[in-house]
Amino acid sequence: MSDVTSIDDVQARLAEQDYVCGRALATVLYLSLELGRPLFLEGEAGTGKTEIAKAIAAALGRRLIRLQCYEGLDAASAVYEWNFAEQMIAIRTAEAAGGADRDALKTELFTEDYLIERPLLQAMRPQVEGPPVLLIDEIDRTDEPFEAFLLEALSDFQVTIPELGTVKAPEPPIVILTSNRTREVHDALKRRCLYHWVDYPSFERELEILHARAPQAAEALSREVVAFIQRLRTEDLFKKPGVAETIDWAKCLLALDVLSLSPEVIADTIGAVLKYQDDIQRLQGSEAKRLLDEAKASLEPV
């Protein structure tokens, strides 16, 4: 499936892509690659699940094919569609020419020339660089019928197009599924996968991530940012900030030439961290100062 040789090799390759990977995640990634099993990543939004797929695709030099899930997604939209506009043009052209053979025209219209490939079908096609990484993102947004279809597709790594027949992957793609756990995904699908819960990182790991993604930030500011975010996650918020928000906030502070956090700076830039008005209102007045004081008190002298 891939040329990774060990768990350490997985960590090293991801580090080259600026993705800081813990031992537990590197282990399940290695096993997924070695055994050819889909990997199911579950966790809060913003903890880096989607970035894992992007990083592993870049690390292996493979194409990344992303199926973004949403409510109402059906098998046809995920596999293929016919290009009706081009088919209608072909029909009108044949009619204008006169003497069109209906049977011949029908056969011609349903060929690969008029086929629009969607992510699942694309992932079944052979790729020059090797099997692609198929990211099925936010599977919890779909419904049970689509899960059942996906279960069959991932079991045999093939899809059927009635007009053309069955398309089977010459080599199974590297499949990564993610879920924000807005609902429980059926056990039958989870059983086909290796599983890993992607949690919020510790202070040390989040600081390491920030160093990799925003290396221009001074050490003191980076430590304050991470400490404040970590403290903020202990509050009763509608949506706790993820690692993505930590990185975004640090980049915003860099753009403003901020050297150290203050209640005023937090008030001006909190929209990079919290995305719901109720949460933002909780940090009005002295609340931001209290959290900042607690965050700074938790920092050990460097």
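Axes are lines fitted to C-alpha atoms, for helices over the stretch in contact, and angles run from 0 to 180 degrees between N-to-C directions. The model described here is predicted.

## Helices 1 and 2

Helix 1, residues 7-16, packs against helix 2, residues 23-35, at an angle of about 110°, and their axes lie 8 Å apart. Angles of 65 to 115 degrees count as roughly perpendicular; helix 1 and helix 2 are therefore roughly perpendicular to each other. From helix 1, the residues Ile7, Asp8, Val10, Gln11 and Leu14 take part in the contact, and they meet Arg23, Ala26, Thr27, Leu29 and Tyr30 of helix 2. Sorted by class, this contact of helix 1 with helix 2 comprises six nonpolar, two polar and two charged residues.

| Helix | Number of residues | Span, first to last C-alpha | Expected span at 1.5 Å a residue |
|---|---|---|---|
| Helix 2 | 13 residues | 18 Å | 18 Å |

In helix 2, the buried residues are Leu25, Ala26, Val28, Leu29, Tyr30, Ser32 and Leu33. Their cover includes helix 1, helix 3 (49-60), strand 1 (39-42), strand 8 and strand 9. Gly36 follows helix 2 and has a positive phi, near 70°.

Helix 3 is mostly covered, with nine of its twelve residues buried. These buried residues are Lys49, Thr50, Ile52, Ala53, Ala55, Ile56, Ala57, Ala59 and Leu60. Among the elements that cover them are helix 1, helix 2, strand 1, strand 2, strand 5 and strand 8. Just after helix 3 comes Gly61, with a positive phi of about 70°.

Five strands form an open sheet in the order 2-5-8-1-9, with parallel pairing. Strand 2 (64-68) and strand 9 (194-197) stand at the edges and have a single partner strand each, so one side of each is left without a neighbour in the sheet. On average, and with direction ignored, neighbouring strands of this sheet are turned by 20° against each other.

Strand 2 runs parallel to strand 5 (residues 133-137), and five bridges join the two. Within this pair, Leu67 stands opposite Ile136 in strand 5. Helix 8, residues 144-156, packs on the sheet and touches strand 2, strand 5 and strand 8 (174-179). The direction of helix 8 makes about 160° with that of strand 8.

Definitions and conventions
Residues are numbered from 1 along each chain as its sequence is written. This is a predicted model: local features need pLDDT of at least 70, side-chain atom pairs count only at pLDDT 80 or more; totals for chains, interfaces and linings use all residues. Side-chain values use heavy atoms; hydrogens and water are left out. Two strands pair if DSSP finds at least two bridges between them. Helices (H or I, at least four residues) and strands (E, at least two) are DSSP runs, numbered from the N terminus. Contact means heavy atoms within 4.5 Å. Angles under 35 degrees count as roughly parallel, over 145 as roughly antiparallel, 65 to 115 as roughly perpendicular and the rest as oblique. Ala, Val, Leu, Ile, Met, Phe, Trp, Tyr, Cys and Pro count as nonpolar, Asp, Glu, Lys and Arg as charged, and the others, Gly among them, as polar. The expected span of a helix is 1.5 Å times one less than its number of residues. Buried means under 20% relative accessible area, exposed over 50%, partly exposed in between (1.4 Å probe, protein chains only).
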